[in-house]
Amino acid sequence: MSKKLALVFGGSRGIGAACVQALVDDGFDVACTYVSSKPAEPAGAAAGRVAFYQVDIADDAQVAAVFDSVARDFGTRPHCVVANAGINVPPGPVHQFDTGNFRKLVEVNIVGAFNILRHAGQQVADGGAIVALTTSLVRHAAPGLGPYSASKAAVECLVRAMAKELAGRGVRVNAVAPGPVDTDLFRAGKTDEAKQRSAAMSPFNRIGTPEEVAQVVAFLASDKASWVHGQIVQPNGGLV
């Protein structure tokens, strides 16, 4: 019996790389996309078990092509699609926010996510799972992060609609909305004081790890989550 296949968009670092590792550990074959730098093989990956594809998710044709490439290379459609790819930009109040940066958020975090989810809805195997990464900041307003949070709120609306639309095929659609997580993206440009403020948002007084979020994604990809559908799961240490 062939192994199940997971396709992780944005799997080169941080939460995405942790998702690739968690899915490999759970016995999936994994196809992983990246933008510029091909990531290292995850620990324990057997030959041919993990493959990497360079994709710009804002380009619909590239997203469509990677689904075709993965089906050809692995001989099966994905049983799980993880929509993790996304960006952030320098924060700022809405009334002062750079319009060019807002367009970047829209192009990648909304249009790019739409491209992934649209093709995932067509290509994921019956009885499979789709998991999108969003943010707990959709429900915890933070100064300066309104545009970023808004871009992720749009993804949650798509997820909820798709959960209704794909239920007839047994496809489960959920989102994972972390709080602050210790990634390169989180640390970039932050002082120690700013990092501590983020940690203090949780009653545990720390930020999460990519591995903690990835385990939630792996759970939703598994048969153990057979009755979890149309949900926004928030691994955030009690932030919300």
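**Close-up 1. Helix α2 passes helix α3 in a right-handed crossing.** The structure is a predicted model, in which local features need pLDDT of at least 70 and side-chain atom pairs count only at pLDDT 80 or more, whereas totals for chains, interfaces and linings use all residues. Residues are numbered from 1 along each chain as its sequence is written, and side-chain values use heavy atoms, with hydrogens and water left out. The axes of α2 (residues 60-74) and α3 come within 9 Å and cross at roughly 30 degrees; axes are lines fitted to C-alpha atoms, for helices over the stretch in contact, and angles run from 0 to 180 degrees between N-to-C directions. Helices (H or I, at least four residues) and strands (E, at least two) are DSSP runs, numbered from the N terminus, and a crossing is right-handed if the near helix is turned clockwise from the far one by less than a right angle, left-handed if anticlockwise. Asp60, Val63, Ala64 and Phe67 of α2 meet Asn115, Ile116, Arg118, His119, Ala120 and Gln123 of α3, contact meaning heavy atoms within 4.5 Å. This contact divides into 5 nonpolar, 3 polar and 2 charged residues (Ala, Val, Leu, Ile, Met, Phe, Trp, Tyr, Cys and Pro count as nonpolar, Asp, Glu, Lys and Arg as charged, and the others, Gly among them, as polar).

**Close-up 2. Helices α3 and α4 are roughly parallel to each other.** The axes of α3 (residues 99-123) and α4 cross at roughly 15 degrees and come within 9 Å; angles under 35 degrees count as roughly parallel, over 145 as roughly antiparallel, 65 to 115 as roughly perpendicular and the rest as oblique. The crossing of α3 and α4 is right-handed. From α3, Phe102, Leu105, Asn109, Ile110, Ala113, Phe114, Leu117 and Gly121 meet Pro147, Tyr148, Ser151, Lys152, Ala154, Val155, Leu158 and Met162 from α4. By class, 12 nonpolar, 3 polar and 1 charged residues make up the contact of α3 with α4.

**Close-up 3. Helices α1 and α7 pack at an angle of about 50 degrees.** The axes of α1 (residues 14-25) and α7 (residues 210-221) lie 8 Å apart at this angle of about 50 degrees, which makes α1 oblique to α7. The α1 and α7 crossing is right-handed. Among the α1 residues that meet α7 are Ile15, Ala18, Cys19 and Ala22, and their counterparts in α7 include Val213, Ala214, Val217 and Ala218. The contact of α1 with α7 has 11 nonpolar, 2 polar and 1 charged residues.

**Close-up 4. The largest pocket has a volume of about 1,500 Å³.** On a 1 Å grid over the protein atoms alone, a pocket is an open set of points with protein on both sides within 12 Å along at least five of seven lines, a cavity is a set where a 1.4 Å probe fits but cannot get out, and lining residues have an atom within 4 Å of a point. Grid points are joined across faces, edges and corners, and a volume is the space filled by probe spheres set on the points. Of the 46 residues that line the largest pocket, Asn88, Tyr148, Thr183, Leu185 and Phe186 lie nearest its centre. Helix α1, β2 (29-34), α4 (146-165) and α5 (184-187) each supply at least two residues of this lining, which has 25 nonpolar, 15 polar and 6 charged residues.

**Close-up 5. The largest cavity has a volume of about 30 Å³.** A search of the whole structure finds 1 cavity of 30 Å³ or more. The largest cavity is lined by Ala83, Asn84, Ala85, Ala113, Leu133, Lys152 and Val155.
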